[in-house]
Amino acid sequence: MGIRKPNKLPQTAVIKQILKRCSSLGKKNGCEDAETDHLPLDVPKGHFAVYVGEKRSRHIVPISFLTHPEFQCLLRRAEEEFGFDHDMGLVIPCEEVVFRSLTSMLR
């Protein structure tokens, strides 16, 4: 009998899933034509959109944030609270003022 590992994905796999999910948010009707046909025009390359706070205000953040432990903590909370399998986009369960403070320190 072998020891079973928990069903948790390695951190890199989770980050790849998040990136894939974020890049697919702008797709229309499952169409996967050219890359630029389905990405929102206001999200520059190397960035992704998140929705924060009660009013779900939209913020554009660099992909490099995904490597910061503080941001990864927010992503784990988002996964626990909302999951990543929905059509809403990436929602961060955090007050907007706290999110802005955190992201200003990460820049």
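Trainee: What does the side chain of S57 make a polar contact with?
Mentor: With the side chain of E96, at 3.0 Å. Keep in mind that this is a predicted model.

Trainee: Which residues does S57 touch, leaving out those up to four places away in sequence?
Mentor: V50, Y51, V52 and E96.

Trainee: Is S57 buried or exposed?
Mentor: Buried. Its relative accessibility is 19%, and the cut-off is under 20%.

Trainee: Which strand is S57 found in?
Mentor: S57 belongs to β2.

Trainee: OK, the sheet then. What is the strand order?
Mentor: β2-β1-β3, in an open sheet of three strands with mixed pairing. β2 (57-62) and β3 (90-92) each have a single partner strand, so one side of each has no neighbour in the sheet. On average, neighbouring strands are turned by 40° against each other, direction ignored.

Trainee: How many bridges join β1 to β3?
Mentor: Three, and the two strands run parallel; β1 covers residues 47-52. Within that pairing, V50 stands opposite L90 in β3.

Trainee: Which helices pack on the sheet?
Mentor: Helix α3, residues 69-81, packs on it and touches β1, β2 and β3. The direction of α3 makes about 105° with that of β3. Helix α4, residues 96-106, also packs on the sheet, touching β1, β2 and β3.

Trainee: And what angle does the direction of α4 make with that of β2?
Mentor: About 15°.

Terms used: Residues are numbered from 1 along each chain as its sequence is written. This is a predicted model: local features need pLDDT of at least 70, side-chain atom pairs count only at pLDDT 80 or more; totals for chains, interfaces and linings use all residues. Side-chain values use heavy atoms; hydrogens and water are left out. Two strands pair if DSSP finds at least two bridges between them. Helices (H or I, at least four residues) and strands (E, at least two) are DSSP runs, numbered from the N terminus. Axes are lines fitted to C-alpha atoms, for helices over the stretch in contact, and angles run from 0 to 180 degrees between N-to-C directions. Contact means heavy atoms within 4.5 Å. Buried means under 20% relative accessible area, exposed over 50%, partly exposed in between (1.4 Å probe, protein chains only). A polar contact is a pair of N or O atoms within 3.5 Å; within protein, one must be able to donate a hydrogen and the other to accept it, and residues adjacent in sequence count only if both atoms are side-chain atoms.
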